[in-house]
Amino acid sequence: DDQDKLELAVAIGTQKPIAGNFLERGEGLSGKVWELGKPLTVDDYETWEGRAAIYNSISFKAVVGAPILRGEEFLGVLTLMAEPPKKFSQHDVTLLELYAVHAAVAIHNARLYQNVQSRMNQLEMLYETSKTLSGQYDLNVLLQSIVDSARKLLRSSTSGMYLVSNNALRLTKVTEAGYPVGAFLRFGEGMAGQGQMIYIDPPYG
């Protein structure tokens with residue numbers, strides 16, 4: 001589950017590209033900050049017993065990390081690294097904590113804006129799709145437009161449509177090749193045959 005991992009979203013000043021790495025809760029300095037919910041400093045990360053194995057090939061010395069919190073919500077960890085003779089003081093930790101508070105507000109606001117923008121884009125797409133479909137009278141073209149638009153709206157890989165035929169459901173249109181168009185389902189059979197909206201979580205190993 002991605003909610004149980006920290007992803008390094010941005011990194012600057014490192015000799016090797018490390019953005020995109022993941023840490024478990026309690027792993028490395030950032031994972032420890034997450035686990036403890038408070039700042040942590042390490043004077044020599046290379047010899048620190050809690051060092052994350054994924055960074056064995058990278059030279060880190062002094063490191064400090066502070067949680068990015070919005071109220072009780074944990075958003076991430078802000079970390080800084082320094083070369084000798086620099087070591088992070090308690091004053092540095094306090095400043096980083098204050099900065100992390102401002103970072104949390106900025107991240108929250110950016111996510112709100114992103115969600116609102118995404119919602120507006122979806123509504124605009126629904127409006128445009130409605131106009132397109134309402135002007136289409138060729139049933140075959142209309143059905144294909146419906147499944148194509150549904151796939152784009154929800155950004156899914158495939159969309160299909162079953163229509164009632166002779167007291168059964170017939171797979172009439174699908175956006176990808178290889179599906180059994182024309183196949184029938186009895187009522188109550190499969191997900192489409194349940195007669196209500198169903199969401200199935202993807203399996204995780």
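**A tour around helix 3**

Select Asp 138, which caps the N-terminal end of helix 3 in this predicted model. Look for one of its side-chain oxygens: 3.1 Å away is the backbone nitrogen of Asn 140.

Next, select residues 139–154. This is helix 3, with 16 residues.

Now colour Leu 142, Leu 143 and Val 147. These are the buried residues of helix 3. Turn the view to look down the helix axis. The buried residues fall within an arc of 130°, so they line one face of helix 3.

Step off the end of the helix. Arg 155 sits in the loop between helix 3 and strand 6, residues 160–165. Most residues other than glycine have a negative phi. Is Arg 155 buried or exposed? Show the surface: Arg 155 has a relative accessible area of 71%, so it counts as exposed, the cut-off being over 50%.

For the last stop, go back along the chain. Select Pro 84 and Pro 85. The peptide bond from Pro 84 to Pro 85 is cis, and its omega is near 5°. Most peptide bonds are trans. Where is Pro 85 placed? Zoom out to see the loop that holds Pro 85: strand 5 (73–82) lies on one side of this loop and helix 2 (90–134) on the other.

Key:
Residues numbered from 1 in each chain as written. Predicted model: local features only at pLDDT ≥ 70, side-chain atom pairs only at ≥ 80, totals over all residues. Heavy atoms only, no water. Helix = DSSP H or I, 4+ residues; strand = E, 2+ residues; numbered from the N terminus. Expected span 1.5 Å × (residues − 1). Buried < 20%, exposed > 50% of the residue type's maximum accessible area, 1.4 Å probe, protein only. Arc of directions from axis to C-beta. Polar contact = N/O pair within 3.5 Å; in protein donor to acceptor, adjacent residues only side chain to side chain.
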